Amino acid sequence: MKTSVIIPSKGCVYLKYLLRGLRNQIVKPYELVLVLKSCNTKYIEHLCKEYDLPCVIVEQVSGYFTHALNIGKKEARGDILIFTDEDAIPMSKWIKKYVELHTKYRDVAGISSRDIFIDLQSLEVKPTPDDYAVVKLYRLFIRPWLEQPHPLFKKYRLGVYITKKFTVAHGPCIPDKVCYSLPFRGVNMSFKTSYLYDVWFPEHELLRRAPGNEQYFGLQLALKEFETIYVPNNPVLHIVHQSLSRGSRDEIRKELEIMRALYAELITKYS
């Protein structure tokens, strides 16, 4: 299977670390689709040539994060589309593992895995909030009562699912077990291209970051009765840094409400 790795980047601050990780893959990607905004394109072209990577570079002239993801999806030509972020560092068997997983789970449309934090200064690997004991206990004992899955997503209740209130929730199998799940995080998810002909990320003039866009993408597959799963054993390292586009709490809250409305609209449409 040919793999296309789709990478949106604004500023390209950490992109060199990702490209080094992709250079060291046991199974080489068919192509890297780099959707760049406010980047030194010539420098990135130089890195692609130096690392002998098959890069397709697209300059994004307008739009936000999800627009970049959709641009990358349109440009990609592989049998498997793998989405990641510029501040990720993949393990050497990352692409190989996704090819093996998609071969093993032939009827599964999408497979996602986890991320693990890494501090570049100390090279120390750090747990994510998903690894905290209190979070795991909450997901096991409390969330099933307080945040019940929408009736269409009972199958996904152990992984990432949509609740009755049209919010995103994580079940007790995240992050340690294989389960049915909507895509966990956009930094590490993959899909068979043949299922994605009319599946897109949400585009909205007020969605700069679009938190939960990966679940919106997977939601379209699930509503068509195509399965998506989570596996814990194909992680990427995720560089710890202060996001320049995080925004204020009010902005994030507003975007979450927009995403919630988009989930509800999709579910109402298909049901």
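**Cores, rings and salt bridges in a predicted model**

Leaving aside neighbours within four places in sequence, Ile 44 is in contact with Cys 12, Leu 15, Leu 34, Leu 36 and Ile 57. Contact here means heavy atoms within 4.5 Å. The structure is a predicted model, where local features need pLDDT of at least 70, side-chain atom pairs count only at pLDDT 80 or more, and totals for chains, interfaces and linings use all residues. Residues are numbered from 1 along each chain as its sequence is written, and side-chain values use heavy atoms, with hydrogens and water left out.

Ile 44 also belongs to the largest nonpolar core, which has 30 residues. A nonpolar core is a set of buried Ala, Val, Leu, Ile, Met, Phe, Trp, Tyr and Cys residues joined through side-chain atoms within 4.5 Å. Buried means under 20% relative accessible area, exposed means over 50%, and partly exposed lies in between (1.4 Å probe, protein chains only). Leu 15, Leu 22, Ile 44 and Trp 94 touch the most other members. At least two residues each come from β1 (3–10), α1 (15–23), β2 (31–37), α2 (41–50), β4 (80–83), α4 (94–104) and β6 (108–112). Helices (H or I, at least four residues) and strands (E, at least two) are DSSP runs, numbered from the N terminus. Helix α4 gives the most to this core, with five residues. A second, separate core has 24 residues, among them Ile 174, Phe 184, Tyr 230 and Leu 262.

Ser 181 is found in the loop between β11 (179–180) and β12. Ser 181 counts as buried because its relative accessibility is 0%. Its side chain reaches the backbone nitrogen of Val 160 at 2.9 Å. Beyond its neighbours within four places in sequence, Ser 181 is in contact with residues including Tyr 156, Ile 174 and Tyr 230.

A search of the whole structure finds 10 aromatic pairs. Rings of Phe, Tyr and Trp (its six-membered ring) pair if their centres lie within 6.5 Å; planes under 30 degrees apart count as stacked, over 60 as edge-to-face and the rest as tilted. Tyr 156 and Tyr 180 form an edge-to-face pair, 6.3 Å centre to centre, with 65 degrees between the planes. The two residues are 24 residues apart: Tyr 156 lies in the loop between α5 (133–146) and β9 (160–162), and Tyr 180 in strand β11. Tyr 156 is buried at 5%, whereas Tyr 180 is partly exposed at 34%. The charged end of Lys 155 sits over the ring of Tyr 180, 4.4 Å from its centre. This requires NZ of Lys or CZ of Arg within 6 Å of the ring centre and within 35 degrees of the ring normal.

The count of salt bridges comes to 13. A salt bridge is a side-chain nitrogen of Lys or Arg within 4 Å of a carboxyl oxygen of Asp or Glu. Lys 155 forms one with Glu 227, the closest N and O atoms being 2.6 Å apart. Lys 155 lies in the loop between α5 and β9 and Glu 227 in strand β13 (residues 227–230), so the pair ties together parts 72 residues apart in sequence. Asp 115 forms a salt bridge with Arg 185, with the closest N and O atoms 2.7 Å apart. Asp 115 is buried at 2%, while Arg 185 is partly exposed at 25%. Both residues join Asp 130 and Arg 139 in a network of salt bridges.

Key: A polar contact is a pair of N or O atoms within 3.5 Å; within protein, one must be able to donate a hydrogen and the other to accept it, and residues adjacent in sequence count only if both atoms are side-chain atoms.
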